[in-house]
Amino acid sequence: MAQLSYDSMRNLILDNFPFLRDAAVFTPELLTAIFWEESGFQNIPQMGGGPAVGFGQVERATIKMVNKAFNMNFTPEKILADDGLSVQIASYTLSLLLRSTRNKLAALNGYAGASANPANAPIPGRWLECEKQLLAVHASDRSADGTSAFERLTYVLSAAAIKKALKAAKPSSNPDVAFPSSRGIAI
């Protein structure tokens, strides 16, 4: 699967907004942070043959629990074949965790597997920092056609802030890859 750009990932999340669960708690910006950290905006199976799939790397056992709790019919194969379903399964998983924990941070810790793997404990805080920064950017979807000089400057400034936010979500990553130079804008 190809890696999506930041703009494509944002558009995909926003296009699926009507299907997202608890979107006021788990914002598109938070999903963006999770998807960047988990898969680098790629709808892929877990590296090394593990049990997780999709942008948010949801485990197969969790998919079954989501299906049972919400009367859905997600499968790993459907998730990998449909980017929209990949966004939705992460949202449903977070919602399921929120139901059981009744707390956003506890749900994020559950999603990250922090109790099973203490090395994952810092991850939810990084997601939240990225979310905060992305919310501050107020990055809007822009058309690559017909942008004015002001819009191009705004995009460049926003891109720098977005890259900083993505780096907060996954410090070892290279956020430049989420910004192809197809706009003809040096970032």
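## The nonpolar core

Let's start inside: the largest nonpolar core of this predicted model has 46 residues, and Met 9, Phe 35, Phe 41, Trp 127 and Leu 166 have the most contacts within it. A core here is a set of buried Ala, Val, Leu, Ile, Met, Phe, Trp, Tyr and Cys residues joined through side-chain atoms within 4.5 Å, with buried meaning under 20% relative accessible area (1.4 Å probe, protein chains only).

Two or more residues come from each of α1 (6-15), α2, α3, α5, α6, α7 (123-137) and α8 (149-169); helices are DSSP runs of H or I, at least four residues, and strands are E runs of at least two. The top contributor is α5, with seven residues. As for Met 9, leaving aside residues up to four places away in sequence, it touches Leu 4, Phe 35, Phe 41, Phe 55 and Val 87 (contact is heavy atoms within 4.5 Å).

## The largest pocket

This one holds about 580 Å³ of space. A pocket is an open set of points on a 1 Å grid over the protein atoms alone where a 1.4 Å probe fits, with protein on both sides within 12 Å along at least five of seven lines; lining residues have an atom within 4 Å of a point.

Its lining has 27 residues, with Gln 57, Glu 59, Tyr 111, Ala 112 and Gly 113 nearest the centre. At least two lining residues each come from α2 (28-39), β2 (58-59), α3 (60-70), α5 (83-101) and α6 (104-112).

## The second largest pocket

Here the volume is about 160 Å³. Of the 14 lining residues, Glu 38, Ser 39, Gly 40, Gln 42 and Lys 170 lie nearest the centre.

## Ground rules

Residues are numbered from 1 along each chain as its sequence is written, and side-chain values use heavy atoms, leaving out hydrogens and water. Because the model is predicted, local features need pLDDT of at least 70 and side-chain atom pairs count only at pLDDT 80 or more, while totals for chains, interfaces and linings use all residues.

Terms used: Points joined across faces, edges and corners; volume = space filled by probe spheres on them. Buried < 20%, exposed > 50% of the residue type's maximum accessible area, 1.4 Å probe, protein only.
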